[in-house]
Amino acid sequence: MITLPAGLVPNGASPSLVEFGGIIRPATGAEVLNLRRNGNRFRVDMTLAPQTAEARRVAIARLLAAKTEGLRIAYPLQRVNQSGAGTLVVNGGGQGGNAIALRGGTPGFQIREGWWLSIQRSDGRHYLHNVRGDTTIAGGGTVLLPISPNLRYPFADGATINLVMPMIEGLVDGIISWNLQVGGIIDGIGFSIEEVG
């Protein structure tokens, strides 16, 4: 799994949800059906603006390698401080659905609707999720956290929750682009990453 050098972060991002269901509109005018399937995940189109020539060369080399090896990069939180929840981990293995039981939290701390988190399985792979509603951690440090999309992997008990710096991990999809300008400047590095599972 490829990672970018420390300090090399996106200066632009356009996230989207990749859905595997959809709305069915019957040709006969019958009731519209909302078909939902599990497996929904995220895709983010990103741009980088490395400050030095060396950083630009390294960024391009790593993105090219990530086409086959995959990429892990921090999801941009846009200065939202998601710290203070404690050391959250999965509380009970093999969970499914649109909520996950966690433990190890700071009692009374409120996890806010719209926050992002990634759940890290034992081999290090991350799965990105969004918090569906304000939820307060109970006195014992436990919380049942509502998330979107539904869980798509049966995480083991004790799997790590990354709330302070959630990660998106997947394949670099489509075109990797960059601009070569007069004077040897490389600018406007663009790529797309999509979760694979």
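A: Start with the surface. The chain exposes about 10200 Å², an area computed by the Shrake-Rupley method with a 1.4 Å probe. Carbon and sulfur atoms supply 51% of that area. This is a predicted model: local features need pLDDT of at least 70, side-chain atom pairs count only at pLDDT 80 or more, and totals for chains, interfaces and linings use all residues. Residues are numbered from 1 along each chain as its sequence is written, and side-chain values use heavy atoms, with hydrogens and water left out.

Now the chain as a whole. It has 16 strands and one helix. Both kinds of element are DSSP runs, numbered from the N terminus: helices are H or I with at least four residues, strands are E with at least two. The C-alpha atoms fill a box of roughly 60 × 55 × 30 Å along the principal axes. Of the 197 residues, 40% are buried. Buried means under 20% relative accessible area, exposed means over 50%, and partly exposed lies in between (1.4 Å probe, protein chains only). Among contacts with a separation of 6 or more, 68% join residues 24 or more positions apart; a contact means heavy atoms within 4.5 Å.

Next, the pocket. A pocket here is an open set of points on a 1 Å grid over the protein atoms alone, with protein on both sides within 12 Å along at least five of seven lines; a cavity is a set where a 1.4 Å probe fits but cannot get out. Lining residues have an atom within 4 Å of a point. There are 28 of them, and the closest to the centre are Pro10, Ala74, Tyr75, Pro76 and Leu77. Two elements give two or more residues to the lining: β2 (10–18) and β6 (71–74). The most comes from β2, with five residues.

Follow the chain on from β6. Gln78 lies in the loop between β6 and β7 (86–90). Arg79 has its place in that loop too. Gln78 is not a glycine, yet its phi is positive, about 50 degrees. Arg79 is likewise a residue other than glycine with a positive phi, near 65 degrees. Gln78 counts as exposed because its relative accessibility is 73%. Arg79, at 87%, also counts as exposed.

Ile73 and Met165 are 92 residues apart in sequence, but their C-alpha atoms are 9.6 Å apart in space. Met165 is found in the loop between β14 and β15 (167–181). Its relative accessibility is 53%, so Met165 counts as exposed.

Pro149 lies in the loop between β13 (143–148) and β14 (160–162).

Last, look at Thr136, in strand β12 (residues 135–136). Leaving out residues up to four places away in sequence, Thr136 touches Gly108, Phe109, Gln110 and Val143. Arg112 is 24 residues from Thr136 in sequence and 8.6 Å away in space, C-alpha to C-alpha. Thr136 counts as partly exposed because its relative accessibility is 46%.
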